[in-house]
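Please read them with the structure open.

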Amino acid sequence: MCGIVGYQGREGARDILIEALRRLEYRGYDSAGIAIWNNGTVRLARRQGKVSDLAEAIGDDGFNGSMGLAHTRWATHGVPSERNAHPHKAADITVVHNGIIENYLELKETLKEEGHTFTSDTDTEVIPHLIASLLSKAGSFEGAVRAALRMLKGSYAVGVIREGEDILIAAKKESPLLVGIGDKEFIIASDAPAIINRTNRFIFLEDDDIAVIQKGTLRITNLDGDEVERETRSVQWSGAMAEKGGYRHFMLKEIFEQPRAISDTLIGRIQQEEGEILFEELDLPDITKVRKIWMVACGTSYHACLIGKHIFEANLRIPVETDIASEFRYRDPILGKDDLVILVSQSGETADTIAAMKEAKKRRLHTLAICNVLGSTLSRECHSVIYTHAGPEIGVASTKAFTTQVCVFFMLMLYLGKRLGALDNDDVRRLIGELRKVPHKIQTILDASSSIEDNARENMHYRHFLYLGRGINFPTVLEGALKLKEISYIHAEAYAAGEMKHGPIALIDENMPIVFVSPRDQTYKKTCSNMEEVLARKGKVLLFTDDTRHDMAGRVDALFVVPESIYELQPILSIVPLQLMAYYMANLLGTDVDQPRNLAKSVTVE
Ligand code: M6R
């Protein structure tokens with residue numbers, strides 16, 4: 001998740017932009033850069049590493065002007081490095097960009113044929129080249145930007161300046177961008193915290209808006225060039241709230257970011273009409289020879305593996321073995337010579353997962369990472385990597401990393417299914433269609449979050465919870481229970497519902513709420529029977545389902561309905577209210593939600 005800022009006004013742009021970059025640091029980044037416009041010429045500086053390194057590099061030697069752009073990069077295309085850092089410049093056009101340009105390879109090829117030379121591995125670099133190539137035909141800077149944006153597929157928030165023209169252009173599609181209105185100055189930014197020190201008045205740009213800032217005026221048009229009206233809003237946030245985008249905690253912010261995180265993970269990879277999944281980065285050996293797939297990880301990422309196993313086995317009919325990384329590394333697993341080992345990690349730095357990867361490599365097996373942090377140890381050292389594009393996850397409790405990992409497993413299943421002949425184009429088209437609906441469905445759950453908060457208030461005084469689910473939702477309840485225990489310190493245990501009678505049933509009484517995840521799938525009737533057994537023992541049932549007419553509705557203590565989806569994708573929906581329930585209980589109990597006691601975000605030691 002990159003951060004962009006741009007300034008035009010009466011004061012020196014340099015300090016304002018550097019301060020804004022510092023305020024974006026919480027988003028996580030690997031490099032930063034700045035471009036300053038001064039009397040018609042543009043100077044650029046970029047550095048891998050921290051904003052302070054960039055600030056030191058530009059020093060005081062006249063690197064200042066009335067307009068500029070700056071960027072913190074969270075790498076998606078191309079490793080973190082100075083040449084991949086933004087801004088990118090081509091001819092007299094300079095651009096900062098947040099988002100993913102899906103058709104950049106095609107555009108790059110055409111531009112190369114026209115004689116353009118590229119110096120980075122990024123998708124972004126095509127944008128300044130494209131604008132530069134369209135300038136003479138479009139007849140104006142603004143016209144060329146508009147023409148270029150119409151050719152881009154994917155998501156973008158961009159800031160663009162040109163040498164010789166005192167104009168700052170900003171535009172967005174599916175990536176956030178706002179214009180801050182200050183005292184005789186305009187500042188564009190990917191979020192309000194970056195510039196809240198200078199103004200609290202913002203225009204939140206909408207998709208396909210193009211904002212043109214010129215000589216103290218702001219004009220907003222659509223892609224056709226027609227002027228559009230946008231409301232100016234004032235926000236009243238404290239500094240700490242602003243950093244979290246107005247949310248009380250990073251965890252809540254990250255739960256609410258899931259629709260966006262999932263969309264970003266799908267962008268550029270799903271081709272519904274063609275019934276195809278594109279994983280450019282993937283370089284697998286002959287998949288038809290694979291006899292067994294291993295999925296290995298820790299914590300929440302391990303729970304994603306358990307779901308991945310269901311997704312793969314149901315559709316590919318290849319045996320999948322899941323393992324906790326700390327077990328895999330020491331138990332001398334029986335690995336076949338053509339087995340594929342998938343290692344899953346948000347951070348890519350978890351010591352046990354890295355050790356498991358080394359073990360698999362020692363046995364000469366192909367290792368594939370599913371990882372959120374570009375350039376992390378796991379992503380560098382595995383043979384192949386697929387990135388979840390969830391953006392930085394700061395709360396210790398993993399939320400958006402989990403749902404994006406499951407999405408990657410689903411896409412990988414489609415990808416392999418085509419290659420193994422287990423799925424045809426129609427199957428893949430239909431399944432992609434289901435996947436594309438997920439972000440919107442999650443949004444409807446988030447929109448109803450107040451009912452989960454009410455429920456959390458009613459139940460937060462209980463000290464023990466049991467979580468039960470079956471099939472693909474057994475991992476969902478494992479993950480739900482982990483969320484509750486790690487941030488609220490309430491004891492929560494999860495079982496496959498069929499195991500209840502083999503022990504945990506002894507715990508059930510009126511002081512033990514039981515969380516059931518029971519969608520209308522093949523396990524439905526069996527889970528209803530388990531609920532009957534709990535109610536007969538005066539247990540309190542909190543039911544999460546996709547069925548508004550659930551057989552147990554009216555008899556349970558609380559019912560929360562999530563949208564329906566296919567079996568393989570239901571966990572991504574069912575986990576969201578469980579994340580929210582854990583969050584609200586912890587918040588009401590006053591624990592340190594983002595940094596719970598005894599836990600670290602990244603467990604880099606054994
Ligand atoms: O960065 P990783 O995904 O490898 O981290 C694995 C676990 O440490 C992590 O998922 C942990 O369980 C979280 N605190 C769960 O919310």
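Predicted model: local features only at pLDDT ≥ 70, side-chain atom pairs only at ≥ 80, totals over all residues.

The points below take the sheet, then the helix contacts.

1. Sheet order. An open sheet is built from 6 strands, in the order E5-E6-E7-E8-E12-E13. The pairing is antiparallel. On average, neighbouring strands are turned by 20° against each other, direction ignored.

2. Sheet edges. Which strands stand at the edges? They are E5 (88–90) and E13 (217–221). Each has a single partner strand, so one side of each is left without a neighbour in the sheet.

3. The E7–E8 pair. E7 covers residues 156–162 and E8 covers residues 165–173. They pair in the antiparallel sense over 7 bridges.

4. H4 against H5, geometry. H4 also has a helix partner, H5 (residues 141–151). The two axes come within 8 Å. They cross at roughly 125°, and the pair is therefore oblique. The crossing of H4 past H5 is right-handed.

5. H4 against H5, contact. From H4 the contact takes Leu130, Ile131, Leu134, Leu135 and Ala138. H5 supplies Phe141, Gly143, Ala144, Val145, Ala147, Ala148 and Met151. How do these residues divide by type? The contact of H4 with H5 has 11 nonpolar, 1 polar and no charged residues.

6. H8 against H13, geometry. H8 (residues 258–266) meets H13 (residues 400–420), with axes that come within 9 Å. The crossing angle is roughly 30°. Angles under 35 degrees count as roughly parallel, so H8 is roughly parallel to H13. H8 passes H13 in a right-handed crossing.

7. H8 against H13, contact. On the H8 side are Gln258, Ala261, Ile262, Thr265 and Leu266. They meet Lys400, Thr403, Thr404, Cys407, Val408 and Met411 in H13. The residues of this contact divide into 6 nonpolar, 4 polar and 1 charged.

8. The two helix pairs side by side. H4 and H5 are oblique to each other, while H8 and H13 are roughly parallel. The H4–H5 contact has no charged residue; the H8–H13 contact has 1.

How values were computed
Residues numbered from 1 in each chain as written. Heavy atoms only, no water. Pairing = 2+ DSSP bridges. Helix = DSSP H or I, 4+ residues; strand = E, 2+ residues; numbered from the N terminus. Axes fitted to C-alpha atoms, helices over the stretch in contact; angles between N-to-C directions. Parallel < 35°, antiparallel > 145°, perpendicular 65-115°, else oblique. Left-handed = near helix turned anticlockwise from the far one by under 90°. Contact = heavy atoms within 4.5 Å. Nonpolar A, V, L, I, M, F, W, Y, C, P; charged D, E, K, R; others polar.
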